[in-house]
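The entries below follow the order in which I asked.

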Amino acid sequence: MSELNYLYGKPLSHADFKKEPEDFMVDEVLGFELSGAGEHVCLQVVKKGENTQFVAKLIAKHAGVNPRDVSYAGLKDRHGVCTQWFSVPVPIKTDIDFSVLNSDTLFIVQQVRHHRKLRTGCHQANKFTIRLRNVSEPLDVFCRINALRAGVPNYFGEQRFGRDGHNLTMAQRMFAGERIRDKKLRGLVISAARSHVFNQIVSKRVLEHGLAKTMHEEVFLLDGSNAFFKEPINSRNLDRLAANDIALSAPLIGKGDEALTAQELLWLADFQQWRDGLIELGLKTERRLLRLVPQGLTIKQEDSTTLVIEFALAKGCFATALLRELVLYRDASPSHKEQEEEQ
């Protein structure tokens with residue numbers, strides 16, 4: 001992430017991130033009402049210092065089902081205080097009290113029946129409350145905050161690539177012919193590879209054009225949809241762009257040059273091995289928003305070196321993509337410290 005281009009220039013301030021679990025708080029927003037009836041129980045859970053899969057296994061064991069039968073809207077960081085939704089199949093005439101799972105690191109806020117299981121990505125957004133400690137240049141952070149309200153590059157965060165970018169190392173080995181038998185791991189590796197190329201293309205665009213300037217030809221995403229179309233720039237699509245009816249995008253690589261602009265094809269020449277590998281896997285080119293726009297972005301100062309930032313992001317967006325435009329942050333979470341000691 002540190003090698004990707006900054007939209008607003010490299011920040012001047014350093015800061016510690018995730019020093020305490022309470023420094024990184026996430027509230028998942030479903031964006032729809034649960035039906036109150038059905039063969040699935042949806043659990044709103046607050047977890048502290050636990051990962052999503054661990055909580056899913058606890059729920060499965062208590063309900064007497066296979067862990068793969070427990071689903072969740074989205075993965076949430078281990079090192080934080082995160083509120084998220086899980087669902088588990090429970091026969092209509094069976095009552096299970098999941099509150100017995102409550103502990104120092106887990107709390108069941110509510111359980112509500114629903115007519116279908118929750119699927120990954122079914123939620124609408126995530127709300128973040130992030131505390132930055134040991135901020136070296138608070139004034140620089142305050143000076144940047146207004147610019148960030150207009151949006152930042154929609155980079156995938158470092159979480160996508162595994163510890164020390166291990167998922168990308170595995171992707172290179174896979175493209176060289178090594179088989180990955182674990183389907184879940186294989187999916188993570190493929191996703192990391194696409195995300196890496198996406199980040200690189202966005203970074204090149206930020207350097208040469210920024211995010212506001214349009215190129216001669218663009219691939220536009222329809223608002224609220226994954227549908228896209230390619231067109232030369234004209235007054236009509238510029239008006240639609242200004243009205244937020246459509247948005248600029250960047251590619252998630254696969255088959256299909258028709259979903260790429262001529263400029264993107266030139267940029268992709270530096271990543272031909274990655275592109276060939278993804279095409280060989282049978283993936284089709286998709287598009288992702290170029291710009292990440294935070295909602296309700298606010299900042300307050302707790303003391304001379306501590307800042308608290310609040311904002312909401314649409315699902316699939318990374319808080320670290322926003323933070324990196326504010327400060328040069330150091331991950332101070334326990335796992336990161338252990339990793340540094342191992343090195």
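Predicted model: local features only at pLDDT ≥ 70, side-chain atom pairs only at ≥ 80, totals over all residues.

**Helix H1**

I then stepped back to the helix itself. H1 runs over residues 52-63, 12 residues in total, and spans 17 Å from its first C-alpha to its last. That is close to the 16 Å expected at 1.5 Å a residue.

At the N-terminal end I looked for a cap and found Asn51. One of its side-chain oxygens sits 3.3 Å from the backbone nitrogen of Gln53.

Which residues of H1 are buried? My list reads Thr52, Val55, Ala56, Ile59, Ala60 and Ala63. They lie on the same side of H1, because the arc they cover around the axis is only 140°. The general rule behind such a pattern is that an α-helix has 3.6 residues a turn, so residues three or four places apart point the same way. On the face turned away from the buried side I noted the exposed residues Lys57 and Lys61.

I also checked what covers the buried residues of H1, and the cover includes strands S3 (40-48), S4 (71-72), S5 (81-89) and S6 (106-114).

**Cores**

Next I looked up the nonpolar cores. The largest has 65 residues, and those with the most contacts inside it are Phe128, Ile130, Leu132, Trp274, Ile309 and Phe311. Helix H4 (residues 183-209) gives the most to this core, nine residues. Apart from it lies another core of 18 residues, with Val41, Ala60, Tyr72 and Leu101 among them.

Leaving aside neighbours within four places in sequence, Ile130 touches Phe17, Asp23, Phe24, Leu307, Val308, Ile309, Phe311, Ala319 and Leu323.

**Arg131**

Is Arg131 buried or exposed? It sits in strand S7 (residues 125-133). Arg131 has a relative accessible area of 19%, so it counts as buried, the cut-off being under 20%. I then asked what its side chain meets, and found a polar contact with the side chain of Glu302 at 2.9 Å. Beyond four places in sequence, the contacts of Arg131 are Asp16, Glu22, Asp23, Glu302, Thr306, Leu307 and Val308.

I moved on to H7 (272-280) and the loop between helix H6 (262-268) and H7, where Asp270 lies. Asp270 counts as exposed because its relative accessibility is 54%, and the cut-off for exposed is over 50%. Its side chain makes a polar contact with that of Lys204 at 3.1 Å. I also checked Asp270 against Gln200: they are 70 residues apart along the chain, and their C-alpha atoms are separated by 9.6 Å.

In H7 itself, Trp274, Arg275, Gly277 and Leu278 are buried. Their arc around the axis is only 165°, which means they are on the same side of H7. Gln273 and Glu280 are exposed on the other side. For the cover over the buried residues of H7, I noted that it includes helix H3 (166-175), H4 and H6. After H7 comes Gly282, with a positive phi near 90°.

How do S9 and S10 run, and how many bridges join them? S9 (residues 217-222) and S10 (residues 228-232) are antiparallel, with five bridges. Glu217 has Pro232 as its bridge partner in S10. The hairpin has five residues between the strands, and there Gly224 takes a positive phi near 70°.

S9 is also joined to S11 (residues 246-252) by three bridges, again antiparallel. In that pair, Leu222 stands opposite Ile246.

**Positive phi without glycine**

Last, I looked for residues other than glycine with a positive phi. Lys18 has one of about 65°, in the loop between strand S1 (14-17) and strand S2 (24-29). Lys18 counts as buried because its relative accessibility is 9%. Asn244 has a positive phi near 60°, in the loop between helix H5 (235-242) and S11. Asn244 is at 57% relative accessibility, so I logged it as exposed.

Notes. Residues numbered from 1 in each chain as written. Heavy atoms only, no water. Helix = DSSP H or I, 4+ residues; strand = E, 2+ residues; numbered from the N terminus. Buried < 20%, exposed > 50% of the residue type's maximum accessible area, 1.4 Å probe, protein only. Polar contact = N/O pair within 3.5 Å; in protein donor to acceptor, adjacent residues only side chain to side chain. Contact = heavy atoms within 4.5 Å. Core = buried A, V, L, I, M, F, W, Y, C linked by side-chain atoms within 4.5 Å. Expected span 1.5 Å × (residues − 1). Arc of directions from axis to C-beta. Pairing = 2+ DSSP bridges.
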